[in-house]
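Dear colleague,

Please find below the structure that I am handing over to you, with the sequence alongside. My findings follow it.

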2 protein chains.
Amino acid sequence: MLFEWPSNIIMDSDRRIYMKYPNGIRPIQNKHMRKQAVYTYANRGMSLEEDINITNDLYNTSHRAVVHKKPTPIQIVRVNYPKRSAAVITEAYFQSKSTTDYNGIYRGKHLDFEAKETKNKTLFPLANFHPHQIEHMEQIIAQDGLCFCIIRFTVYDETYFIKADDIIHFYKQMEQGGRKSISYDKIQTLGILIPFHYQTRVDYLRVVDQLFY
Amino acid sequence: MLFEWPSNIIMDSDRRIYMKYPNGIRPIQNKHMRKQAVYTYANRGMSLEEDINITNDLYNTSHRAVVHKKPTPIQIVRVNYPKRSAAVITEAYFQSKSTTDYNGIYRGKHLDFEAKETKNKTLFPLANFHPHQIEHMEQIIAQDGLCFCIIRFTVYDETYFIKADDIIHFYKQMEQGGRKSISYDKIQTLGILIPFHYQTRVDYLRVVDQLFY
């Protein structure tokens, strides 16, 4: 099989790989991905989070939107202050999130979304969401924000845009004894497939435009 | 001097103090504040951040808005996974913020703000802002979001609401060789004093209503 080198990816003499962006080039940091980018095709090997971060960087630098991932909340217990150098956190714990992972603003509207990937072939387990996150999504909808989820089935390399209302609907059903997952078929029907591009890897704003404008 | 006990604060037989909210009571956790709440008056002893967090909790639980503080970004270097217990982060470093501290949604509008306090009596030093934060505020304004700063002069116990445009204006002047601070007088003129209430301790949405609706 011939491998067609993507025109926006550059390799230097040390086999270091860079991606071209409208505002310059940027090294591809992830070791695993570096290998993958050379020897395999497109998307595989890069996590949904990395893809969304790259997409958001592009949106932000091109002034199309302002979207950031919220840092993981961490409870800090002990910090050392060595002389002449930066403070070192020596004991800390992960805390669970009470909101979604991403938020921002696009065309005057508040955007709020969560991204999840699954290795499952036939269903998406609802246990991926915390009850707090569902509550948060309900509140965002009540305040007239654009709220959705991005769900990737890694085995098919397919990434779907699902309105938060649909996720909330299935979650409520589960709480009342319904099924603990959403079937892949249902997601294919309800969701919108987000096309993959080398630059805007998860171009969810295109779907937002399509649905809300 | 007689101390008048505020009607929304309750003390139990162990001298534990609780605050009454529309949706129930809640213990006042901060040790320092607990002492202060008994022996001194009102606001002193509680940080601006704590006051804003309490205010946001009230806004969120009363469904008036959805506003959260973003967690501090932390770079995690080493994590231990002891058996049968939670993962412990054993080496991590504080990262600098590229956005503002707070954001959310109110009446369909995206809110974005930064909160700073100073012990200075005559001026507010602009070094309190990172260039990235100023850039971020500009982007939020360009996307038609409501962007502002909450500045507290701790010595006067006064908290001001200042539009981000004004902060950006002074910051740009500084970059072109202008003064490195905003005078207290200027902030009194440009800003709007946010009144203090026991419950909504920094009722900034009242100012938002006043300015934008």
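I begin with one residue pair inside chain B: the side chains of B:D203 and B:Y59 are joined by a polar contact of 2.6 Å. Please bear in mind that this is a predicted model.

B:D203 sits in the loop that runs between β13 (192-193) and α6 (204-212) of chain B. Its relative accessibility is 5%, and B:D203 therefore counts as buried, the cut-off being under 20%. Apart from neighbours within four places in sequence, B:D203 is in contact with B:T55, B:Y59, B:R64, B:I194, B:P195 and B:H197.

B:I52 is part of helix α2 (residues 48-61) of chain B. With a relative accessible area of 0%, B:I52 is buried. Although B:I52 and B:D203 are 151 residues apart along the chain, 8.5 Å separates their C-alpha atoms. When neighbours within four places in sequence are left aside, the contacts of B:I52 are B:Y102, B:F113, B:A115, B:I150 and B:V202.

I turn now to the interface of the two chains. Chain B and chain A each contribute 35 residues to the contact. Between them the chains bury about 2,900 Å², and 65% of this area is on carbon and sulfur atoms. On the side of chain B, the residues that lose the most area to chain A are B:I89, B:I105 and B:Q143, which together account for 22% of what that side buries.

Which kinds of polar interaction does the rule find across the interface of chain B and chain A? There are 14 residue pairs in polar contact, both residues being at pLDDT 80 or more. The number of salt bridges found across this interface, by contrast, is zero.

The elements of chain B that give two or more residues to the side touching chain A are β4 (66-69), β5 (74-80), β6 (88-94), β7 (102-106) and α3 (131-142). Of these, β6(B) supplies the largest share, namely seven residues. By type, the residues on this side of chain B comprise 16 nonpolar, 15 polar and four charged.

Strand β6(B) also pairs with strand β6 (residues 88-94) of chain A, in the antiparallel sense and over two bridges. Within this pairing, A:I89 stands opposite B:A92 of β6(B).

With kind regards

Note on methods:
Residues numbered from 1 in each chain as written. Chains lettered and ligands numbered in written order. Predicted model: local features only at pLDDT ≥ 70, side-chain atom pairs only at ≥ 80, totals over all residues. Heavy atoms only, no water. Contact = heavy atoms within 4.5 Å. Buried area = accessible area lost by both parts, 1.4 Å probe. Salt bridge = Lys/Arg side-chain N within 4 Å of Asp/Glu carboxyl O. Polar contact = N/O pair within 3.5 Å; in protein donor to acceptor, adjacent residues only side chain to side chain. Helix = DSSP H or I, 4+ residues; strand = E, 2+ residues; numbered from the N terminus. Nonpolar A, V, L, I, M, F, W, Y, C, P; charged D, E, K, R; others polar. Pairing = 2+ DSSP bridges. Buried < 20%, exposed > 50% of the residue type's maximum accessible area, 1.4 Å probe, protein only.
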